[in-house]
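Here's a quick briefing to keep beside you while you look through the structure. Have the viewer open and follow the topics in any order you like.

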Amino acid sequence: AALSVRDALRARGASGERVKVQGWIRSARSQKEVLFLHVNDGSSLESLQVVADSSFDSRELAFGSSVEAQGQLVKSPSRGQNVELKAEKIEVIGNCDAKAFPIKYKERHPLEYLRQYPHLRCRTNALASILRVRSEATAAVHSFFKDSGFVHIHTPVITSNDCEGAGELFQVEPSSKTKVPKENFFNVPAFLTVSGQLHLEVMSGAFTRVFTIGPTFRAENSQSRRHLAEFYMVEAEISFVESLQDLMQVMEGLFKSTTMMVLSNCPKDVELCHKFIAPGHKDRLEHMLKNNFLTISYTEAVEILKQASENFTFTPEWGVDLQTEHEKYLVKHCGNIPVFVINYPLALKPFYMRDNEDGPHHTVAAVDLLVPGVGELIGGSLREERYHFLEQRLARSGLTEAYQWYLDLRRFGSVPHGGFGMGFERYLQCILGVDNIKDVIPFPRFTHSCLL
Ligand code: 4AD
Ligand code: MG
């Protein structure tokens, strides 16, 4: 079997072992009698140098082609690498027409340019690094929750509820080509999920601490740098939680542990992003990691914003949602340290958030985490666990009938509980400094665009 480039590069002793390596040519250059290839198979940012004598046809061994090389792993005289492959046999598996190939040798293509080629952009170092970080971050999220005693739950993609009540739903029905009756396949209208929260709440009623990481869908008419129609959400739900502070501790722990794990598991990929995509971001991230996150109330936030209202397109006002420009200002105001904003107006938030019963400025126990560069990264709340409060909220929204099962959870062993959802792409943007959300997901879906 072939050795991965990553494992080949780790063979520090360069024992002279005979190996086979497969991958794509990242660079080819001939020097006198020798041909130097750099072969990359995506297992690491670094490529393996393959050295061949001039009997090999250098025209065939061009940038972008896939190859298989066999030979000896030897100590490399070149700087910056321990080993290289002294090739005895090189076989082109699939050649690459350099003229037609949208990725050009030695060019650093802007991310916007690469977005036109979702089927090819993963062959560049930049996208490959981002996607390896994404893979590591997924594993790190799992390991954070596993170590904290959470049970992982697969929540459904197809659902009949609109958790957020925002009406941004994609409806699901069989295509007209199928033989099943098109109308009412499920007997009820069915949608792609906007959040796994309600299903997690069910499970927290049995497992106490649960989490999920899965695709969520929103028919938002937005081309913004932080919205997608399909994005991944990391969600957690915890029973017997009595205060927002308990939740916020888990949120901060998730952010910091996951990030530390990513930094230690793929430092080179993160470094590439911090060097070439977002210069200066390394320091900004360190600043976030070494400081305790801050907390302000929604009411305080509005006061701060009012002092600076000349900076905004939207006038800040109590009872109105915070805009992206407001969120970004608040984070700057807090010294570029992530900040929790808590206790939002009840009227702005979905039916499930717990009533604070606090008089004229009526709020719920909601919490958003705002981070530098991105704004809202996490949204969460304590859930209304009191039957009669919930019953009234549902009635006011006309949801009583549809949510009988949800009320049941408050009839049969209800407990104070809470949870949150973190936009996974926004998390990656935040730690890597990537400006546009479309560059941290393999295949972005957004208004007017569903390539591939
Ligand atoms: O604030 P949201 O809408 O919260 C919920 O859906 C809760 N039910 C989560 C929960 O408590 N379990 O979404 C959570 C996060 C946002 O803070 C944001 O980071 C991200 O999901 N998000 C998006 N990311 C990319 N594209 C979009 N269109 C997004 N909408 C929300
Ligand atoms: Mg939100």
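Let's start with the strand pairings: strand 12 (residues 294–297) runs parallel to strand 13, and four bridges join the two. Keep in mind that this is a predicted model.

- Strand 13 covers residues 339–345, and six of its seven residues are buried, so the rest of the structure largely encloses it.
- As a reminder, strands of a sheet pair through backbone hydrogen bonds, either parallel or antiparallel.

- Three strands make up an open sheet, ordered 7-9-8, with antiparallel pairing.
- Its edges are strand 7 (158–159) and strand 8 (171–172), each of which pairs on one side only.
- Two bridges link strand 7 to strand 9 (residues 190–192), again antiparallel.
- I158 has L192 in strand 9 as its bridge partner.

**Around ligand 1**
- The shell around ligand 1 holds 22 residues, and the closest are S195, Q197, G379, G421 and G423.
- Which elements give two or more residues to that shell? They are strand 11 (230–239), strand 15 (375–382), strand 16 (417–423) and helix 12 (424–432).
- Strand 15 provides the largest share of the shell, with five residues.
- By residue type, the shell divides into seven nonpolar, eight polar and seven charged.

**Two residues with positive phi**
- For background, most residues other than glycine have a negative phi.
- T208 is not a glycine, yet its phi is positive, at about 70 degrees.
- You'll find T208 in the loop between helix 4 (197–207) and strand 10 (209–217).
- L452 belongs to the segment after helix 12.
- With 7 C-beta neighbours inside 10 Å, L452 counts as exposed, since the cut-off for that is 12 or fewer.

Definitions and conventions:
Residues are numbered from 1 along each chain as its sequence is written. Chains are lettered from A and ligands numbered from 1 in the order in which they are written. This is a predicted model: local features need pLDDT of at least 70, side-chain atom pairs count only at pLDDT 80 or more; totals for chains, interfaces and linings use all residues. A residue is near a molecule or strand if its C-beta atom, placed from the backbone, lies within 6 Å of it. Ala, Val, Leu, Ile, Met, Phe, Trp, Tyr, Cys and Pro count as nonpolar, Asp, Glu, Lys and Arg as charged, and the others, Gly among them, as polar. A residue is buried if 20 or more other C-beta atoms lie within 10 Å of its own, exposed if 12 or fewer, and partly exposed in between; C-beta atoms are placed from the backbone. Two strands pair if DSSP finds at least two bridges between them.
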